[in-house]
Amino acid sequence: MDIYTTVEEKYLQAIEELHWGELPKALQYFNELIAFDPDYARGYFQLGDIYHERFKDYKTAGYYYKRCTELDADFPEVYEPYLKLVITLKMHKLVKQIADKALSVAGVCEAHIYESLGLHAEQQQNFTEAANYLKKQNCLMPFRMNMVLYLSIRTASKAK
């Protein structure tokens with residue numbers, strides 16, 4: 001990273017490269033960024049997101065998400081994908097831990113966390129717990145609940 005570029009400028013360059021589909025360049029910038037400032041949580045989050053969503057390299061993604069939360073436990077964007085990742089990896093002990101932390105951080109979408117917890121409980125065949133989480137989610141997103149009911153009723157009536 002050259003001396004005339006701040007960490008924030010390099011971050012924005014990397015985001016722009018990512019936006020334009022220049023993944024190799026974005027990866028280079030994010031790696032330069034964390035090499036220059038190893039405490040820059042946003043860089044770790046973006047790397048985690050890239051490895052999770054684009055490369056499906058869940059182990060590496062987990063490392064970057066975890067590192068992000070270690071550096072900045074109040075960084076809200078990391079919790080939803082991190083929770084989905086540990087659910088995918090069936091890391092059941094971590095699910096509750098990450099969800100509890102997520103629900104205490106300002107800016108985290110609680111409805112999405114409850115939705116993930118509901119789906120996790122359903123995978124575990126714990127349908128009562130799943131229903132409770134999804135009710136909490138629906139209380140936070142009533143429009144979505146109404147839309148889901150509308151679509152299910154509409155689909156059922158068309159099937160007849």
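**Entry 1: Phe45**

I looked up Phe45 and found its place in helix H3, residues 41-54. Helices here are DSSP runs of H or I with at least four residues, numbered from the N terminus. The model is predicted, so I note that local features need pLDDT of at least 70, side-chain atom pairs count only at pLDDT 80 or more, and totals for chains, interfaces and linings use all residues. Residues are numbered from 1 along each chain as its sequence is written, and side-chain values use heavy atoms, with hydrogens and water left out.

Is Phe45 buried or exposed? Phe45 counts as buried because its relative accessibility is 9%. The cut-offs are under 20% relative accessible area for buried, over 50% for exposed, and partly exposed in between, with a 1.4 Å probe and protein chains only.

I then listed what Phe45 touches, leaving out residues up to four places away in sequence: Tyr65, Cys68, Phe75, Glu77, Val78 and Pro81. Contact means heavy atoms within 4.5 Å. Phe45 and Phe75 are 30 residues apart along the chain, and their C-alpha atoms are separated by 9.1 Å.

**Entry 2: His52**

His52 is also in helix H3. With a relative accessible area of 8%, His52 is buried. Leaving out residues up to four places away in sequence, I found that His52 touches Tyr58, Ala61, Tyr65, Pro81 and Leu85.

**Entry 3: H4 and H5**

Two packed helices are described by the angle between their axes and the distance between the axes. I looked up both for H4 (residues 58-71) and H5 (residues 79-88): the angle is about 140° and the axes are 10 Å apart. Axes are lines fitted to C-alpha atoms over the stretch in contact, and angles run from 0 to 180 degrees between N-to-C directions. H4 and H5 are therefore oblique to each other; angles under 35 degrees count as roughly parallel, over 145 as roughly antiparallel, 65 to 115 as roughly perpendicular and the rest as oblique.

Which residues make the contact? From H4 they are Tyr58, Ala61, Gly62, Tyr65, Lys66 and Thr69, and from H5 they are Tyr79, Pro81, Tyr82, Leu85 and Thr88.

**Entry 4: two lysines**

Most residues other than glycine have a negative phi. Lys56, not a glycine, has a positive phi of about 55°. Lys56 is in the loop between H3 and H4, and counts as partly exposed at 47% relative accessibility.

Lys90 also has a positive phi of about 55° without being a glycine. Lys90 lies in the loop between H5 and helix H6 (92-103). At 57% relative accessibility, Lys90 counts as exposed.
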